[in-house]
Amino acid sequence: MNASYCLITCRFEKEASVVALEMGRFLRRWKIVLPGLTNCIGGCQKEQQCRRLYHDLPVKQKRLLLSQLFQSMNLREDSLASQESKPGEMTCKSQRLMLLAGLICPASPGCYHYMPYTVRAMEKLIKMIDQEMQAIGGQKMNMPTLCSAELWRASGRWELMGKELLRLADRHGHEYCLGPTHEEVVTDLIASQGCLSYKQLPLLLYQVTRKFRDEPKPRFGLLRAREFYMKDMYTFDASKEAALHTYAQVCSAYCNIFNSLGLRFVKVQAATGSIGGTLSHEFQLPADVGEDRLMACTSCDFSANMETINSDEMHCPVCKGELVESKGIEVGHTFFLGTKYSSVFNATVHTSQNKPVPPEMGCYGLGVSRILAASIEVLSTEDAIRWPSLIAPYQVCLIPPKKGSKEDRGAVLLEDLYDSIVEAVPQVKEEVVLDDRTQLTIGKRLKDANRLGYPYVIIGGKKMLEEPPHFEVWNQSTGEVLFLTKEAVINLLSKVQIL
C-alpha cells in the first residue's frame, strides 16, 4: 500500500473513528486479511501513529447561521406591543423589547410562545438554579400539574384561593386545579412514604415546572402572566431550629443566584398570604414598573413590603430611622411554614430520639420566567436588550459585510475568524452565531443584534481589509468598541464565562 492510500484511510477513520477501530479489532481477532486495509488497521506497525494522526486532524465546526434559526418576523420597525394592549394601556420595557425582538409571541391573554432564543436563556438560568439548589442538598423532581381538589380542600386553600385557581373537572366529575404551587401535593407525598428517619433530613425537594394562575388582568408580558415557569422547593426538618437553618441556607443560595446574574436586589420582610407560615421574605428587583411598594430604612438594613407595616409609618420599627419608599419586581419568595401542612396531612419524621413528629417545613419560590423579563427590564436600554451575561442566549454574533459591498471580498476573513474562535475557544463553540443575511446592511443587522442582546458583536468592516486585518468588536456590557486582530479577538473571548 502506498502512503497516499494510508492517509486517505486515516482520514476516513477521522470521520468514523469508533467504527474503524472496532473493525480493526474484529479483523485482528479473526485474522481476516484484506489487501491494503490490513496494512493500515491490523498489520501496520505504526498503528498508534495513525491514530494520533487522525485525532490531530482539524474538524470544521458547522457554523450556526442566523438565517436557519427559527424566529418570529418581529425584527422590524412595527408597533408590535399594540397586538396585546389597548390604546392608553401601559406596557413595560421588557414586554415591548421581547416582542420586538421576537423572543416571545402572544398566544392568548397572559400566555406566550417562548421562542428558541428565550428557551436557551431560560435553560441557562435553570442550570444556574440547579447548581445552587443541589449545592445545599436539593433533589430535583417533578410533581403533577393537575392537583386534586381533595388535597386543597383538606388544607383549606380551595376556598381561600378564590378565583386565582384555574379549576376543572374530569368526565367523572372529579375536581382539580392547575397547580400554582405544590405544598399540599408534596406533603401528601411525604405522608404516603411512612415515617422518615432523621438521617434523611433535611430533605429538600424541588422542581422547575409551569405554573398557572388565573390573573384577573394579565399584563407586562412575562412579569404577570397566567402561565409561567417557577422553581419551587419544599423542605422538611425534624425541629424548628433545623428548619430555620435550612431557611437561611436557601436564602443564601438565592443571594448567590442574583449576585451571579449581576442583578441589584433587595431582600425584604413580606406577608405570608395564602401560603401561610410565620416567617416570609421576598427578593425584589428595584424597578419603577414594579407593582410592590417597598420601605427601606436609611439608617439600618431594615426593609419590608408595605403590606407588612402600617402605611402611615414613616420611621423604622428597629432603629426609628427614616423609611424611604420604592417599587420592586418580586422574583423570589421564601416561607417558613412550621407544621401548617404536615399536621394536616399526617406527615411524620423520626427525631434522633426515635420520636415521631410532624416535620417543620419551608417552601421557596423563584419566578424563572419572571427573572428573565425582570432582568431585561432593569438592565436594558429603551431600544436594546441587555441580558445578564451568563444567561444570554448566545454570547457572540459575527456580522460579515453586505454582499456586493467594497468589503465583501473580505467576507472569507470573517468566516475564518468564526472557525478559529470555535477551534481555539471550545467553551464558546455553541455560543457563536453568524448573521449570514448579507442582503441586509451591516447597520440593519447591528440593530437586530442589539435587540437580541448578544454580549459581543463582531463586525467585518473596512479595517478588516487592512494588513493585518482588524475586526470591529462591540462589547455590549461596557459599551466599548474595539478594533482587534484575530488573535486579540480570540484572547478576549477566551475570558468569557460560560455556565
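Predicted model: local features only at pLDDT ≥ 70, side-chain atom pairs only at ≥ 80, totals over all residues.

Colleague: Which side chain does glutamate 183 have a polar contact with?

Modeller: Arginine 157, at 2.9 Å. A polar contact is a pair of N or O atoms within 3.5 Å; within protein, one must be able to donate a hydrogen and the other to accept it, and residues adjacent in sequence count only if both atoms are side-chain atoms.

Colleague: What else is glutamate 183 in contact with?

Modeller: Leaving aside neighbours within four places in sequence, the list is Arg157, Tyr234, Ile275, Leu337, Tyr341 and Cys363. Contact means heavy atoms within 4.5 Å.

Colleague: Now the core. Which residues touch the most other members of the largest nonpolar core?

Modeller: Leu103, Tyr117, Phe258 and Tyr454, out of 69 residues. Helix H10, residues 240–261, gives the most to this core, with 9 residues. A second, separate core has 28 residues, including Trp152 and Ile275. A nonpolar core is a set of buried Ala, Val, Leu, Ile, Met, Phe, Trp, Tyr and Cys residues joined through side-chain atoms within 4.5 Å.

Colleague: What does tyrosine 117 touch?

Modeller: Beyond residues up to four places away in sequence, its partners include Leu66, Leu103, Pro393, Val433 and Tyr454.

Colleague: Let's look at H10. How far apart are its end C-alpha atoms?

Modeller: 32 Å, which agrees with the 32 Å that its 22 residues should span at 1.5 Å a residue. The expected span is 1.5 Å times one less than the number of residues.

Colleague: Which residues of H10 are buried?

Modeller: Ala243, Thr246, Tyr247, Val250, Cys251, Ala253, Tyr254, Ile257, Phe258 and Leu261. Seen down the axis of H10, they fall within an arc of 155°, so they line one face of the helix. The arc is that of the directions from the helix axis to the C-beta atoms.

Colleague: Why would a pattern like that give one face?

Modeller: An α-helix has 3.6 residues a turn, so residues three or four places apart point the same way.

Colleague: And what sits on the face of H10 turned away from its buried side?

Modeller: The exposed residues Glu241, His245 and Asn259. Just after H10, glycine 262 takes a positive phi of about 75°.

Colleague: Switching to H5. How many of its residues are buried?

Modeller: 7 of its 8, so helix H5, residues 93–100, is mostly covered. Its buried residues pack against strands S1 and S2 and helices H6, H11 and H13. Glycine 102 follows H5, with a positive phi near 70°.

Colleague: You mentioned H11. Where does serine 369 lie?

Modeller: In helix H11. Serine 369 is buried, with a relative accessible area of 1%. Serine 369 touches Tyr114, Leu222, Phe228 and Tyr229, not counting residues up to four places away in sequence. Serine 369 and phenylalanine 228 are 141 residues apart in sequence, yet 6.1 Å apart in space, C-alpha to C-alpha.

Colleague: Last helix. Which residues of H14 are buried?

Modeller: Val489, Ile490 and Leu493. They cover an arc of only 95° around the axis, which puts them on the same side of H14. The buried residues of H14 pack against S17, H12, S19, S20 and S21.

Colleague: And the whole chain: how many helices and strands?

Modeller: 14 helices and 21 strands. Buried residues make up 49% of the 499 residues.

Conventions:
Residues numbered from 1 in each chain as written. Heavy atoms only, no water. Buried < 20%, exposed > 50% of the residue type's maximum accessible area, 1.4 Å probe, protein only. Helix = DSSP H or I, 4+ residues; strand = E, 2+ residues; numbered from the N terminus.
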